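Hi there,

Here is the structure I promised to pass on.

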Amino acid sequence: MVDVADKLAYFQAITGLEDPDLCTEILQAHDWDLELAISSFTSSNPPPERQEQTPNTQVTANLLSRDGQNRVDRSDSLGNAVAGPGLAWRIITLPYSVISASIGLVSGAVGLGLWAAGGVLSYSLGMLGLNSGRSGESSTRLASVSAAALEAMEFVAVFERDYGNVKPNFVSEGFMDALQRSRSVFKLLFVYLHSPDHPDTPAFCEGTLCNEVLAAFVNENFVSWGGSIRASEGFKMSNSLKASRYPFCAVVMPAANQRIALLQQVEGPKSPEEMLMILQKVIEESNPALLQARLDAEERRNNMRLREEQDAAYRAALEADQARERQRREEQERLEREAAEAERKHKEEVEAREREAREAAEREAALAKMRQEKALSLGAEPEKGPNVTQVIFFLIFFPLSSMIFPLTFLQT
């Protein structure tokens, strides 16, 4: 069973909250039920007019509100400089999917890797049949799956309404889907976190993001994803990316071992020329990696195609061998049947001849025995003499009348 420290570390990694005391209070408010606390934290992030809060959600919202009073806006101290790692690549943990509760609760995954735990974790657990006994959670999990896409669609619609159609082509899907899309087309992912209340936001959107040259460059070289920090996923991404000043942009790309590479993050307002220069430099430095990824993917496709062709040739050869073996076996069985049939007929003929010979011998023996018995019953024939009469029988046959007349002669 996961202990308290692991639950606390896991909750901090998912939510991006750095205050351990606040995380402890939230977990205690939910009886250390990690999934319930995560769900409550996720539900407490959207504005009140968009979601009705349950008692647990209200507790979490109150704690977060209290914590918000202790946080200071560091935008004045940062100025207009570009924050973060610059053009150096910084690897951030980001699993592409939440596998299960037993694996997910291991405290090795941190940072961006667990940003999607809110709705996606609940849905994954439901699909695996875990924690299915709680009433009302099934519909919540199903709804959470489409929540990211709905938020992205709403962001795009609001952005177009406020700033027009000349803009980066933000995809209407969740961050993970956008990341997967960028991987499939071998492009970097341009991330924009929108803060509607920040004073620099309107000027940045109108003058920079909606600049025709910059928007065309972004659309040509990047897959773009945007989210409002008022929405659940945008809020979680701002915590995961440690956004400290707005407007906030970042460039990321998928990396090996279920991670992503954070190539650049830009905080604070920038002119179109500055943004274009930064993005061009990121593209130049990332081209070798993108080219290698494309070559690796092409090699995998070629290897897969070659394996499929080899498998097809092997299956064809195997089927031909099996057909030949089947034909040979059928021919052998036919010859065996014919040989057995011939042997059976020969045996029957031999038995018939032996039976006929045996029956003929038996008839001959019976006839001989009958003659012998008759001869014995008559006794010896007397010698001719005066007291002996010899009877001679003649049979006369008339062909026309088909009659036989016996004639008897007595001779003394």
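Below is what I found, starting with the whole chain and then moving to a few local features.

A word on conventions: this is a predicted model, in which local features need pLDDT of at least 70, side-chain atom pairs count only at pLDDT 80 or more, and totals for chains, interfaces and linings use all residues. Residues are numbered from 1 along each chain as its sequence is written, and side-chain values use heavy atoms, with hydrogens and water left out.

The chain has 13 helices and seven strands (DSSP runs numbered from the N terminus: helices are H or I with at least four residues, strands E with at least two). Of its 412 residues, 36% are buried (under 20% relative accessible area with a 1.4 Å probe, protein chains only; exposed is over 50%, partly exposed in between).

The mean pLDDT (the predictor's confidence in each residue, from 0 to 100) is 74, and 68% of the residues score at least 70. Where pLDDT is low, the predicted coordinates should not be read in detail.

Helix α2 (residues 20-29) buries Leu22, Cys23, Ile26 and Leu27. Seen down the axis of α2, these buried residues fall within an arc of 135 degrees (taken from the directions from the helix axis to the C-beta atoms), so they line one face of the helix. Just after α2, Asp31 has a positive phi of about 55 degrees.

Now to the loop between α8 (137-163) and α9 (175-184), where Lys167 sits. Lys167 is buried, at a relative accessible area of 6%. Its side chain makes a polar contact of 3.4 Å with that of Glu160 (N or O atoms within 3.5 Å, one able to donate a hydrogen and the other to accept it; residues adjacent in sequence count only if both atoms are side-chain atoms). Beyond four places in sequence, the contacts of Lys167 include Phe159, Leu209 and Asn219.

There are 11 aromatic pairs in the structure (Phe, Tyr or six-membered Trp rings with centres within 6.5 Å; planes under 30 degrees apart are stacked, over 60 edge-to-face, the rest tilted). One of them, Phe159 with Phe170, is edge-to-face, at 5.6 Å between centres and 75 degrees between planes. Ring pairs also join Phe155, Phe159, Tyr163, Phe170, Tyr192 and Phe204 into a cluster.

Best wishes

Terms used. Contact = heavy atoms within 4.5 Å.
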